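Visitor: I would like to learn how to read one residue in its surroundings. Could you take me through an example?

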Amino acid sequence: VVTAKTHARVALIEATIDNDQLLLRCGDLRAAARLADLRPAAETLRVCGSDRRCAAASTALSSFFSAALLGVDDKPFRLVRAAESLANGAPLLLVATPALARLNAELERHAQPPVTTDHFRPNLVVSCILPNAEPHAEDAWSTVALNDIPFRVVGPCDRCAAIDVDPATATKPSDTLRLLASYRLEHRRRAKATFGVFLRLGQTSDPAPRLLLRRGDRLMPLS
């Protein structure tokens with residue numbers, strides 16, 4: 001299994017979904033495939049410590065990854081689709097800018113370049129939490145509302161060496177994980193440094209609520 005932790009050039013690959021198509025881009029390389037063509041098959045892979053049923057993708061997509069990661073490994077690469085979500089903890093990952101500012105202050109103190117929220121691969125970025133909020137205030141949340149739809153905070157996101165990779169260059173210019181751990185492990189008393197929290201849909205009267213998010217929408221901690 002290829003990740004940014006083991007193959008930094010993965011950070012340069014952009015993936016988007018347009019209607020029923022998966023679109024991939026890396027520099028001048030392009031590839032596309034219909035999602036309906038990526039069907040579950042009899043293959044099991046070990047991903048993040050769990051066995052997952054996966055389907056081999058099209059030859060074109062596998063060729064794209066082999067070309068995009070050329071020079072990283074002697075072996076060709078394949079793209080597979082899991083029969084279930086590969087999200088580590090939950091469908092949504094939230095990070096907050098006060099926490100990012102605290103980390104960048106630590107990086108600056110050690111003459112290291114700053115990082116952006118892209119290093120942490122979130123779905124949601126909260127730029128303002130509460131007046132005079134402390135960094136990582138989201139650690140204490142249990143329920144939040146996004147556009148009046150409730151979400152449960154299911155736990156923090158454990159971080160690994162993937163956050164050392166600059167997603168713009170696929171290089172590792174700083175010791176981000178080490179410096180994050182230098183103050184987060186003592187504070188959280190956990191085996192791994194955490195940054196951000198996972199969210200799941202809470203209880204609603206609508207079994208399938210529609211949630212359309214835009215820049216500037218308000219997130220409110222409920223408890």
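Guide: Let us begin with Arg121, which touches Leu93, Arg159 and Ala162, where a contact means heavy atoms within 4.5 Å and residues up to four places away in sequence are not counted. This is a predicted model, in which local features need pLDDT of at least 70 and side-chain atom pairs count only at pLDDT 80 or more, while totals for chains, interfaces and linings use all residues. Residues are numbered from 1 along each chain as its sequence is written, and side-chain values use heavy atoms, with hydrogens and water left out.

Visitor: Where does Arg121 lie, and how far is its C-alpha atom from that of Leu93?

Guide: Arg121 lies in the loop between helix H2 (97-109) and strand S8 (124-126); helices (H or I, at least four residues) and strands (E, at least two) are DSSP runs, numbered from the N terminus. The C-alpha atoms of Arg121 and Leu93 are separated by 8.0 Å, although the two residues are 28 apart along the chain.

Visitor: Why does Arg121 count as partly exposed?

Guide: Buried means under 20% relative accessible area, exposed over 50%, and partly exposed in between (1.4 Å probe, protein chains only). Arg121 counts as partly exposed because its relative accessibility is 48%.

Visitor: Which residues of H2 are buried?

Guide: An α-helix has 3.6 residues a turn, so residues three or four places apart point the same way. In H2, the buried residues are Pro98, Ala99, Leu100, Leu103, Asn104, Glu106 and Leu107.

Visitor: What follows just after H2?

Guide: Just after H2, Ala111 takes a positive phi of about 55 degrees.
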